[in-house]
Amino acid sequence: MASPTIRALLARPELHLRLATPETAIPEGALDATVRWIHSSDLADPTPFLAGGMVLLTTGTQFRDAGDDPKPYAAYVRRLARSGMIGLGFGTEVEREGIPEPLVKACREARLPLWEVPYDTPFIALARANAEALAAVAYERRTWALEAQRAVALAALRPDGLRSMLAELARRLGAWVGLVDGDALMHEHPGGGVDAASVAELRRHAAAMLVRGVQATSGVTVAGQGFQLQTLGQRGRLRAVLAIAAEDLDEQHRAVVTTVVAMAALALEQRQDLEQAREALAEGVLAALLRGDVALAAGVARASGSPLPDPPVVVAVADQRLAEAGGTGRWLDTRGVAMLHAVDHGDLVMVLADEDASLVDELVLRHGGTVGVSAPVRLDAVPEALGQARTARDRRLAPVTRFADLPGAGVLALLETGEARIVAQAALEPLTAHDERQGSALVATLAAWFAADCAHDAAARALGVHRHTVRARLAAAQELLGQDLGSVAGRSQVWAAMRAAGLLD
């Protein structure tokens, strides 16, 4: 069935219509505009009863007294053009033979399609032909929508249901389709159909929609391309945003998209439950490794389908920003390498093969944040490697800091950790509390003494006091701390505590 356009009407042989304004004299595509309805009127000004996208038919009785005066014709056509009429059919042999030349000229100047409707062709025949074409198109669109919804439903039954649904929707719409949130592009079809900068802008829009927490649709323009955005999930529990590269969607397109939105939201809810279970399992595997139970950790990881990497491994610790980024875990899961990643005390901890360590650099480049990386170790040395990674991260020499690159990396570097600082402050508390209560300078005296390589005279000169004062203060500090400052072991304990507490230069 022909489409409901002016060109389709003109092409129907049984109507015997003749175009009076050459196609070169009207806007390109004017004959291919959809005819929403056909109306007939001989009023001098029918525009109050008309709407845009319509075709008007007239016999010209309103021009009975106009003769060849071009002004009434020009005013009439201007009114039609302003009202949104897309074409005018003139019924001949009713009031006069042929189409009045002033009307032809006015339509040509207004670039409005004009055609002749011969006497033997009733106006109702044009209206019926157009109505039949509209009905046929509506039936075809409804049939298309039903077939598309059925195809989407079948796609949802496949093992990778969510991805298959999006691919099927993209094929049916003939447009790029993506699933995004504020952190990542979760799925897309076709792959690479939208450039990275546009994806980043779509993520920004998606994040704003998800933060509002209400179901919504939105049309946005990114890099000159129109996109339709639709949230997935229930109010207060939105999961993602469906993005479609399309300026607009008609009723049947929206019906298919609504089906996908409902089914994808359900799939995301199920995936969320699975992700939470997988995260809990990964945390358990990491806990087993940190307890030194490598056999248990390896067995559970292997049974879950995510085996531990082969040693030597490195441990990487990311800051809170990466730990809280929802897209980080999904991105790591798509890298195709054996890896364990889990959250430990608010940190994102990754255990991966040494040969895959460059993945950490790619992660930071993509998502930002800072990461510390340990030296290569066996799986039974993961607890020590975790301490190295945290030390490297806290030193922040670069976005990715490796323990091996730290100045003086080794045992002393462990004094830079937060855990060491807490222990040191507790050990020195009797000393610092005494200084606060008594206004003494025991901490400063110890710092000067260690700086002088434990030489009393040099420390006294640095402090501007007598050497006996230094001796007396050291004796008081020794008593408060319970450490023998005359022995190497005692001095080392106090020096290490002051170094970890940040009391030594």
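This is a friendly conversation about how to read the features of a predicted protein model.

Visitor: What share of the residues is buried?

Guide: Of the 505 residues in the protein chain, 44% are buried.

Visitor: What share of the contacts comes from residues 24 or more positions apart?

Guide: Counting contacts with a separation of 6 or more, residues 24 or more positions apart account for 62%.

Visitor: How do I read a pair of packed helices?

Guide: Two packed helices are described by the angle between their axes and the distance between the axes. Here, take helix 15 (residues 442–451) and helix 17 (residues 467–481): their axes come within 9 Å and cross at roughly 110°. Angles from 65 to 115 degrees count as roughly perpendicular, and helix 15 and helix 17 are therefore roughly perpendicular to each other.

Visitor: Which residues of helix 15 and helix 17 meet?

Guide: From helix 15 come Leu442, Thr445, Leu446 and Trp449. Their partners in helix 17 are Val470, Arg473, Leu474, Ala476, Ala477, Leu480 and Leu481. Sorted by type, the residues of this contact divide into nine nonpolar, one polar and one charged.

Visitor: What is the idea behind the spacing of residues along a helix?

Guide: An α-helix has 3.6 residues a turn, so residues three or four places apart point the same way. Keep that in mind while looking at helix 3 (residues 101–110), whose buried residues are Pro102, Leu103, Val104, Ala106 and Cys107.

Visitor: What do the buried residues of helix 3 pack against?

Guide: They pack against helix 2 (70–83), strand 4 (87–91) and strand 5 (114–117). Look at both ends of the helix too. In the loop between strand 4 and helix 3 sits Pro100, which counts as buried at 2% relative accessibility. Leaving aside neighbours within four places in sequence, Pro100 is in contact with Tyr73 and Phe90. The C-alpha atoms of Pro100 and Phe63 are separated by 9.2 Å, with the two residues 37 apart along the chain. Just after helix 3, Arg111 takes a positive phi of about 60°.

Visitor: Which other residues have a positive phi although they are not glycines?

Guide: Ala223 has a positive phi of about 50°, and His345 has one of about 55°. Ala223 is in the loop between strand 8 (217–222) and strand 9 (225–234). His345 is in the loop between strand 12 (339–344) and strand 13 (347–353).

Visitor: Are Ala223 and His345 buried or exposed?

Guide: The cut-off for exposed is over 50% relative accessible area. Ala223 counts as exposed at 74% relative accessibility, and His345 counts as exposed at 75%.

Visitor: Where can I find cis peptide bonds?

Guide: One joins His189 and Pro190, with omega about -5°. Pro190 lies in the loop between strand 7 (185–189) and helix 6 (196–212). Another runs from Pro311 to Pro312, with omega near 0°. Pro312 is in the loop between helix 8 (294–303) and strand 11 (313–318).

Visitor: What is Gln388 in contact with, beyond its neighbours within four places in sequence?

Guide: Gln388 is in contact with Ser374, Ala375 and Phe403. Gln388 lies in helix 12 (residues 382–395) and counts as buried at 16% relative accessibility.

Key. Residues numbered from 1 in each chain as written. Predicted model: local features only at pLDDT ≥ 70, side-chain atom pairs only at ≥ 80, totals over all residues. Heavy atoms only, no water. Axes fitted to C-alpha atoms, helices over the stretch in contact; angles between N-to-C directions. Helix = DSSP H or I, 4+ residues; strand = E, 2+ residues; numbered from the N terminus. Parallel < 35°, antiparallel > 145°, perpendicular 65-115°, else oblique. Contact = heavy atoms within 4.5 Å. Nonpolar A, V, L, I, M, F, W, Y, C, P; charged D, E, K, R; others polar. Buried < 20%, exposed > 50% of the residue type's maximum accessible area, 1.4 Å probe, protein only.
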